[in-house]
Amino acid sequence: MLTAVQKEILQSLINLYKKSNGASIKGDQIAKAMERNSGTIRNQMQSLRGMGLVNGVPGPCGGYKPTIDAYHLLNISDNDEDIVVPLTVKNKDVNDISVSKVEFTSILHPGECEAIITVLGDIKQLELGDTIRVGPTPVNNLIIDGVIVGRDDIDGIILLETLSIYSIPKKRIKDVATQNIIILELNVTIREAAKILSNNKIKGAPVVGDKKEGILTLTDITRALSENNEDSLVSDYCHKDLIKVDENIRLAEAIKVMQKNKVGRLILINENKELSGIITQSDILKQVAGLK
């Protein structure tokens, strides 16, 4: 039976090992991650090696590596290609924490609903009172918003007071996207582009040309106007984050692409690699909220 300290050491070792691309982990690294004395880590490592949970790697580049039994003991998969359930804290993506399990304590009274979230990674960067978002989850495509009201560093668990729970419809993005896409030419002026966006009641449009492509948004137009450059060309202000995706992907996948690339809209392409539409965060939110 592992002690609480041994369990925390093993969890920290696995977290560090997953980030190291297979390199062994030194005791000092574990001590720093846990904010504990290096001597304590070394002493406990001897016991963990005796249990067959840790392998020692000799030499100047040596250290420790978790065994397969360590993963099984902590109910962690050693598959590097596991599905990652994203987690954001205060609207910022957290790249080194992934959600592995979600349990609801009650669903009969939504105002009192709490969720138990099991996570992999450095849980100590999550603080009580932080607002977080979990999801979308695989299969059910749930997104959970809530506030952290409890944290267990040993078992990697946070207790979440849920604020809202959404389910993303299993629709293809081409069934939701705007298909009559407005495209701006590179030689259009900022003034002309502003009129086009205003007349079509849109906040951005792709820019396509022979030598350059990108996207122009109202933010870009505002910047140009603030610099008194309304006669400048769209090519001078459009940015290159024109993210193209297959028109047949699902809404949940589109959300992941937006989060990964930090963009608010995606350009759809068909099987012939032609532009076939545009989808925005607002389009997806309307589907999640059940609005037409």
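I take accessible areas from the Shrake-Rupley method with a 1.4 Å probe. On that basis I get about 16600 Å² of accessible surface for the chain. Carbon and sulfur atoms own 48% of that surface. I note that I am working on a predicted model.

**Entry: overall build**

I looked up the secondary structure and found eight helices and 14 strands. The radius of gyration is 24 Å, well over the 19 Å from the globule rule for 292 residues, so I write the chain down as more spread out than a compact globule. I then checked the span of the C-alpha trace along its principal axes and got about 70 × 55 × 40 Å.

Next I asked what share of the chain is buried, and found 42% of the 292 residues. I also looked at contacts between residues at least 6 apart in sequence; 54% of them join residues at least 24 apart. For charges, I have 36 positive and 38 negative, with mean positions 1 Å apart.

**Entry: helix H7**

I picked helix H7, residues 251–261. Its buried residues are Leu251, Ala252, Ala254, Ile255, Val257 and Met258. What covers them? I found that the cover includes strands S8 (142–152), S12 (244–246), S13 (265–269) and S14 (275–280), along with helix H8 (281–288).

**Entry: salt bridges**

Side chains of opposite charge can pair when their charged atoms come close. I searched the whole structure for salt bridges and found six.

I looked at arginine 36 and glutamate 8, which meet at 4.0 Å, N to O. Arginine 36 sits in the loop between helices H2 (27–34) and H3 (38–50), and glutamate 8 in helix H1 (residues 4–19), so this pair ties together parts 28 residues apart in sequence. Arginine 36 is partly exposed at 37%.

I then looked at aspartate 175 and arginine 172, whose closest N and O atoms are 3.5 Å apart. Arginine 172 is partly exposed, at 30% relative accessibility.

My last pair was glutamate 230 with arginine 191, at 2.9 Å, N to O. Glutamate 230 lies in the loop between helix H6 (218–226) and S12, and arginine 191 in helix H5 (residues 190–200), so the pair ties together parts 39 residues apart in sequence. I have glutamate 230 as partly exposed, at 35%. Arginine 191 is partly exposed too, at 33%.

Methods: Residues numbered from 1 in each chain as written. Predicted model: local features only at pLDDT ≥ 70, side-chain atom pairs only at ≥ 80, totals over all residues. Heavy atoms only, no water. Helix = DSSP H or I, 4+ residues; strand = E, 2+ residues; numbered from the N terminus. Rg over C-alpha atoms; globule rule 2.2 N^0.38 Å. Buried < 20%, exposed > 50% of the residue type's maximum accessible area, 1.4 Å probe, protein only. Contact = heavy atoms within 4.5 Å. Lys, Arg positive; Asp, Glu negative; His and termini not counted. Charge placed at Lys NZ, Arg CZ, Asp CG, Glu CD. Salt bridge = Lys/Arg side-chain N within 4 Å of Asp/Glu carboxyl O.
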